[in-house]
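Here is a quick tour for someone meeting this structure for the first time. Have a look at the sequence and the model, then read on.

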Amino acid sequence: MFFKKYGDIVVGVFFMVLGALLIILAQALPKSKVMEIGPDFMPTVIGSVTFILAAILTFLNVKNFKMHAKELEGAEIPECDYKRVISSVILVLVYVMVLQPVGFILSTLVFLLLQMLVLSPDDERDAKHIIRLVVIDVIFTLVVFFLFRYGFKIVLPAGIFTISL
């Protein structure tokens, strides 16, 4: 009952602390002598975005707490789909293990497609939706690759393919 009532507030505070820790720990990373953007840049950006979004989540839930508390009195807690959770954890672990040897582009294409299939509703797994997921997968992977390669000047793992784009 506690988490049903205060869940979003607890999660918001947790991610605010996590974002703040990420920002603080990123400052301890050594500064780059070669590039303007050092290894502390992305963790600081991710920590800042996480902190801001968590603060918004917490603020909005505290603001609307009374309205949501009355709504949740008679509500049932939906069953957790453990199969999807375990599949997602396994996919992330495999992705982390194959990222370096296989390379960013290929491993991300496979990981994102499988992850989107795991998380998509059962009724949205027909050919039309799978084609849409593949298009999103390819566009997202290439945008991230080129953003890191040319925007941040960070080379992602090439793996089995040596791409000189």
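## Ground rules

Helices (H or I, at least four residues) and strands (E, at least two) are taken from DSSP runs and numbered from the N terminus. A helix's expected span is 1.5 Å times one less than its number of residues.

What you see is a predicted model, in which local features need pLDDT of at least 70 and side-chain atom pairs count only at pLDDT 80 or more, while totals for chains, interfaces and linings use all residues. Residues are numbered from 1 along each chain as its sequence is written, and side-chain values use heavy atoms, with hydrogens and water left out.

## The whole chain

Of its 165 residues, 22% are buried, where buried means under 20% relative accessible area, exposed means over 50%, and partly exposed is in between (1.4 Å probe, protein chains only).

How much of the contact in the protein chain, at a separation of 6 or more, comes from residues 24 or more positions apart? The share is 63%, with a contact meaning heavy atoms within 4.5 Å.

Helix α2 covers residues 41–63, which makes 23 residues. From its first C-alpha to its last it reaches 33 Å, close to the 33 Å expected at 1.5 Å a residue. G47, A54, T58 and N61 are buried in α2.

G47 also turns up in the surroundings of I23, a residue of helix α1 (residues 2–26). Leaving aside residues up to four places away in sequence, I23 touches T44, G47 and S48. The C-alpha atoms of I23 and G47 are separated by 5.2 Å, though the two are 24 residues apart along the chain. I23 counts as partly exposed because its relative accessibility is 24%.

## Helices α5 and α6

Two packed helices are described by the angle between their axes and the distance between the axes. For α5 (residues 104–119) and α6, the axes come within 9 Å and cross at roughly 145°. Those axes are lines fitted to C-alpha atoms, for helices over the stretch in contact, and angles run from 0 to 180 degrees between N-to-C directions. The contact involves residues including F104, L109, L112 and M116 of α5 and L133, D137, F140 and V144 of α6. By class it has 15 nonpolar, two polar and one charged residues; Ala, Val, Leu, Ile, Met, Phe, Trp, Tyr, Cys and Pro count as nonpolar, Asp, Glu, Lys and Arg as charged, and the others, Gly among them, as polar.

F140 sits in helix α6 and counts as partly exposed because its relative accessible area is 45%. F140 and L112 are 28 residues apart along the chain, and their C-alpha atoms are separated by 9.1 Å.

Q115 touches S88 and L91, not counting residues up to four places away in sequence. The side chains of Q115 and S88 are joined by a polar contact of 2.7 Å (a pair of N or O atoms within 3.5 Å; within protein, one must be able to donate a hydrogen and the other to accept it, and residues adjacent in sequence count only if both atoms are side-chain atoms).

K153 lies in the segment after α6 (127–151). Its phi is near 60°, a positive value in a residue other than glycine. K153 counts as exposed because its relative accessibility is 54%.
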